[in-house]
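Work through the exercises below with the sequence and the model in view. Each task is followed by a solution in steps.

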Amino acid sequence: MIRISLAVAAVSAVALLGACGERPQVLEYKQGTYQGKPDTPAYKNAPWDGDKTAWEKTLAQRNQNQNEYKRTR
Amino acid sequence: MARMKFLCDAERCIECNGCVTACKQEHEIPWGVNRRRVVTINDGVPGERSISVACMHCSDAPCMAVCPVDCFYKTEEGIVLHDKDLCIGCGYCFYACPFGAPQFPQAGAFGVRGKMDKCTFCAGGPEKDMSDAEFKKYGRNRLAEGKLPACAEMCSTKALLAGDGDVLADIYRERVVTRGKGGEVWGWATAYGRPDAPRSGVAPPAGAAPQPGAAPQPGGKT
């Protein structure tokens, strides 16, 4: 009887914890069934020449230009 | 990885149409095509709000799902683009889009639809970056130049924000906290009501005043 109770408790615990799982919210972007021409990423051009980190940094700095609190404080 | 998004702060938009003008000027868009529009709700009455609308570059884009020739693709940054060489101008994407983003230039006297045109988040299309062919088909590729979309960068009140979704959320959150209001204008409370609002299906008592901050009434001028 104790074994059955323990087994039920274990299964219940696993089921309860299963609901706490978190799936990634960010979609993985795939080309899917796209039939057209391939497009080169924006950071492949000069002056970044494939340096994605530098390109993203440039855009991130530019993004902050939209935040006037950063400029006025 | 950045997820490029637009965010329009309805508390700040003054319906100047500067974003529309900037977009048309930047990409030399022909008459009859508006990649971006400003929509006003409750025009001329208290509670009037305006919001700038274009392609929202959906994470699960319905235009991509319905396209019969699969001319849509998504960049690493989550920008929804399409290949005009494949597009047949059928208009399915227009029917599927909840924002009315796809535009169709009229290619004849009888309104024959041309190939679909829409906001590219200033990221061009599947042609050589910053080439003449890309500019003629899709407009300027500002992202390849290290710039953000012209509409947002030109916005005089900075109502329209563009860029990495996480950064935009931070900027908007700081604004709402600083001014102490405005977060309720567009969002969960507008769409689904508040805990103190009457539940749907339960009629308010006769003569009851409308709830402050309640959703705009249907029939508002757009």
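A residue is buried if 20 or more other C-beta atoms lie within 10 Å of its own, exposed if 12 or fewer, and partly exposed in between, with C-beta atoms placed from the backbone. Helices (H or I, at least four residues) and strands (E, at least two) are DSSP runs, numbered from the N terminus. The model is predicted: local features need pLDDT of at least 70 and side-chain atom pairs count only at pLDDT 80 or more, while totals for chains, interfaces and linings use all residues. Residues are numbered from 1 along each chain as its sequence is written, and chains are lettered from A in the order in which they are written.

**Exercise 1.** Describe the helices of chain A and state how many residues of α1(A) are buried.

Solution. 
- Chain A has three helices and zero strands, in the order α-α-α along the sequence.
- Helix α1 (residues 2-18) of chain A has 17 residues; at 1.5 Å a residue it should span 24 Å, and its end C-alpha atoms are 24 Å apart, which agrees. The expected span is 1.5 Å times one less than the number of residues.
- The number of buried residues in α1(A) is zero, so this helix lies largely in the open.
- Over chain A, buried residues make up 12% of the 73 residues.

**Exercise 2.** Find the buried side of α2(A) and what it packs against.

Solution. 
- Trp55(A), Leu59(A) and Asn63(A) are the buried residues of α2(A).
- They cover an arc of only 80° around the axis, which puts them on the same side of α2(A); the arc is that of the directions from the helix axis to the C-beta atoms.
- Thr53(A) and Gln61(A) are exposed on the face turned away from the buried side.
- The buried residues of α2(A) pack against β6 (160-164) and α6 (165-179) of chain B.

**Exercise 3.** Which element gives the most to the side of chain A that touches chain B?

Solution. 
- Contact requires C-beta atoms, placed from the backbone, within 7 Å. By this criterion 25 residues of chain A are in contact with 35 residues of chain B.
- On the chain A side, α2 and α3 (68-72) are the elements that give two or more residues.
- The most comes from α2(A), with seven residues.

**Exercise 4.** Which backbone features stand out at Pro47(A), Asp49(A) and Lys158(B)?

Solution. 
- As background, most residues other than glycine have a negative phi, and most peptide bonds are trans.
- Ala46(A) and Pro47(A) are joined by a cis peptide bond, with omega about 5°; Pro47(A) is in the loop between α1 and α2 of chain A.
- Asp49(A), not a glycine, has a positive phi of about 50°. Asp49(A) is exposed, with 10 other C-beta atoms within 10 Å.
- Lys158(B), also not a glycine, has a positive phi of about 55° and lies in the loop between α5 (150-154) and β6 of chain B. Lys158(B) is partly exposed, with 16 other C-beta atoms within 10 Å.

Note on methods. Two residues are in contact if their C-beta atoms, placed from the backbone, lie within 7 Å.
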